[in-house]
Structures are given as structure tokens and as C-alpha cells.
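Student: I would like to learn how to read strand pairing and salt bridges in a model. Can we work through a case together?

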Amino acid sequence: MADLSLGGLATGMDTQGIIDQLVAIEQRPILNYQQEISELEQTKGAWRDVNSRLDKLENKITDLKLSATYNSRTANSSNEDVVTAAASNSADEATYSVTVKSTAKAQRLAGTRFDDASAPIAGITAESTITINNTDITISDTDSLRDISNKINDADAGVNASIVDNHLVLETNETGVENALDTTKAGSFVDSNDVLKTLGLLDSTSGEITDAIEVQSASDAEIDINGITGITSSTNTFSEAVEGVTFNINPDAVANDGTDTAFSSVSVSKDTGKAAKAVQAFVDQYNSAMSFLDGKTDYDAETEKSAVLQGDSTAMRLQMRLRELVTSKVKDSGDYKTLTSVGIEIDRDGVMSFDSSKFTEALENSSEEVANLFKAESESEGYDGMAVRMDSYLDQLMQSNTGLIPRRLDFYDNRIEGLNEDIEDVQRRVEMTRQRYVEQFAAMEEAISEMQSQQNWMMSQLQNMGGSTVNSVM
């Protein structure tokens, strides 16, 4: 094998440079492939961004297809320090006079004061079990007040234990009379070996919860609504008194001694702001998507440069279809037939604007007709609303595997993958060509080197025959 590192020693030629130039010619297809890949990556990136913006547009469209967007209700209280309220779509538009007579409170029990909360309880002489809300808790004769408090909390028995000035305090997690601890209810508050008596949570004589122990009694909330009295709840929330309306009473609204009341007026009305907000969000995203498409399909006459999607027929059809969906007539009858009639317009530059006051007025006049302008479906209304039509079109564009954009992105990925494989093929051929050139130039260098050696030998022989002979020969 010839020495492949001669590098022009025999000929004086820059054989490495010559080989590099010859290989560069062979590599020209790679540069073309890389340029095509770069262009495909830019186009794919543009369509991926288009897909992202259309996906966000579809999300905004979803809100416009929901009845709740147009039929929502809002509840306002004249005195939120007394009561707040929330209204569902089924709530009637009305005003409710709410008088709070009592609020719901949790039961709170306080035991005997001990000298040291960390020392074992002297009165507990054997391992025992207490039961709170049907949950058994084992108490040891070595447990301190702190240990017992921790065990009760760890048991998750529906009460919270704490230590206040070395008193063990129990408070029910839920308000209302029905959730109070009661020795007469099975499994509610059961003593064993007089542990609860020792702790002072039950009377040492009667074994009952006395007024001295019950520092706060459990109570139900009671309200009057529009003159209807005796409405009670174990919590400070009333969700069944008025259909579709939930009243939330401030726990500090009144004292629970029956001597005080608090008043508030709650008004339930249409929440036109929710629909206006949803439409504005759609308008903003529509403009964002169309502006992006404009930029990607633009041609700058001054610089004579085309944007990445300039001349792309699919992108142009997409823009035209979206504009058509929001400007065409939705239905043939009624006061509101187009989006323009409810304050949504598109100017000559294709920019959409929204007149919220005009929309709100239309919604107040005929909420159902305005809602159907967006969400109607042909099965029930005989025509499809704008949001339904656009959502269907966007599905055709973006549906996984079958949508136009995913299929186009797959095409770019496959094409790029194929070009990368072509590059690898060319690189293998180039490497083989480089090796062949190296071997050929090495063989040439070796042959010339041998010829030079023979020439030098012949000259040496002639010189040995005598200078005159050499001169005559020369």
C-alpha cells in the first residue's frame, strides 16, 4: 500500500488542496439539499405557528358556542358584609330581601387547665380508647396533653384539637347543630376509663357536656327571604332556598343570641359582560391570526423580498374562508342576521372591530336571537351559527392526522427526512471519492518518486564513467 501522506513531496504539487477542490465539486448536491431543508424548515415553522394561532382561535370559538356565555346571571348584594350571592343560568331575574337572624357556628369545648401540657396526665392510669365521631383514638397512661391533642388531630375525627393556656380545646370542623358532639348520639363522643372526664371535656359527675365545658354552642344559620321565615342551614351557605341562587352569609353578620338581625338586598340580573368579554376575546384572536397570516404571505416591493408563505394558495384560501365566515349572512330572517348587526365589523384592511355597547344592547333586547347568531345548529334552528361554522372549518384544518395543516406538516417532515437521507448518501459517496483521489495521487507520487530515484541513479553512474564522458553526454 502506498504511503497516503506523501502530500506532493515528489511532485511539489499541493495534492491535498487539489483533492479538496475535487471533493468540493462532489459535495455541491449537499449544499443544494441543505438549502432546500432550510426553506422547508422555515415553511414548516410558519405553518406550525399558523396552527398554534388557529388553535387559540378555536378555543375562543368554543366559548361562543356555549349557552352559558349568553344566559349567565350575576347576583349583586347591597351589603356584602352581610351576604354575598352567586347565580346560575337557571336563576330568575329578581330581587331578594335577605334578613339574617343567626349564623352557623361550630361547637367548641374547653377542658380542665393542667399545670404542664408536656407532662403525663396523672388521672389516666391505663391505656384507654375514646371515640369521637365513630373514630377510635387510643390514649396511653404516659400521654401528655400535647400527645393527646396530636393524636386527636392525626385521627381525622372531624374535630380540631388545640391547647390554649394548658386547656385542651376541641372544635368541630363543620358548623351546625347536626355536627355537634353529643354523648346521646351513638359513637359521637364516647368516654373510656373516664379519660374525657379527666381531661375536663365531660362533667366529672354527670358525664355530660355542660355549659361550662361548651364555650361555644353549635348553631344553624337562619334567614328570611322576601318574608319567608324559618329558612335554616347547618352552614352559612343556602343553595336550595331559591332555585339557581346560592346565598353566602358572613359568619360575623350577627350575634347568635337571637337579639340581632342583619339585612341585605340581592339582585339577580343578566350578565351581559360575560358574553361581551367572550366576543372581545374572539375578535382579538381573530385579528392576531389574520395579522400573522398577512405577514407570512406578504411581498415587499421595495426590497423585492417575499415572505415565507407568499404565493401559497392554501394560506390565501384560508384567509379568504375565515373572512367569509365572519362577514357572510348567518340567517335570512330576524333582527340580527349578520355579525355586523351586533357590533362586529371588518374594515377594508381586514381588521375586525367590536362595538360592545351595540352588542350589549342587542343581547338585552333578544338574548336568544343573538346567542343563536353564534351557536345555532341546523338540527334545531335550521341554520348553523358563525361559531359553529368556523369551529367546523377549523377542525378540518387542524384535526390530528386528518387535518390539512397536520398533513402538510407531516409532508414537510417526511421531505426533510428524505433530504437528510440523500445528504448521507452523498456524504458516503464523497468519502469514497476522496479516498479514491488520495490513493490515486499517492500512487502518482510514488511512481514519480521512483522515476526520480532511477534518474538520480543513472546520473550517478554516468558521473562515475568520467567527467568528460558526462560532459559529452550532457
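Tutor: We take the sheet and then the salt bridges. This is a predicted model, where local features need pLDDT of at least 70, side-chain atom pairs count only at pLDDT 80 or more, and totals for chains, interfaces and linings use all residues. Residues are numbered from 1 along each chain as its sequence is written, and side-chain values use heavy atoms, with hydrogens and water left out.

Student: In what order do the five strands of the open sheet run?

Tutor: Some terms come before the case. Strands (E, at least two residues) and helices (H or I, at least four) are DSSP runs, numbered from the N terminus. Two strands pair if DSSP finds at least two bridges between them. Here the order is β1-β15-β3-β11-β12, with antiparallel pairing.

Student: Why is one side of β1 and of β12 left without a neighbour in the sheet?

Tutor: β1 (73-77) and β12 (228-233) stand at the edges, and each has a single partner strand, so one side stays without a neighbour. From one strand to the next, the twist averages 30°. Angles run from 0 to 180 degrees between N-to-C directions, with axes as lines fitted to C-alpha atoms.

Student: How many bridges join β1 and β15?

Tutor: Five bridges, in the antiparallel sense, with β15 spanning residues 262-270. Arg 73, for one, has Lys 270 in β15 as its bridge partner.

Student: How many salt bridges does the rule count?

Tutor: The rule asks for a side-chain nitrogen of Lys or Arg within 4 Å of a carboxyl oxygen of Asp or Glu. The count comes to 14.

Student: Where do Lys 44 and Glu 41 lie?

Tutor: Both are in helix α2 (residues 28-64), three residues apart, about one turn of the helix. Asp 413 joins Glu 41 and Lys 44 in a network of salt bridges.

Student: Is Lys 44 buried or exposed?

Tutor: Buried means under 20% relative accessible area, exposed over 50%, partly exposed in between (1.4 Å probe, protein chains only). Lys 44, at 12%, counts as buried. Glu 41, at 36%, counts as partly exposed.

Student: Which residue forms a salt bridge with Asp 391?

Tutor: Lys 65, with the closest N and O atoms 2.8 Å apart. The pair links distant parts of the chain: Asp 391 sits in helix α11 (residues 386-398), and Lys 65 in the loop between α2 and α3 (67-71), 326 residues apart. Asp 391 is buried at 11%, while Lys 65 is partly exposed at 30%.
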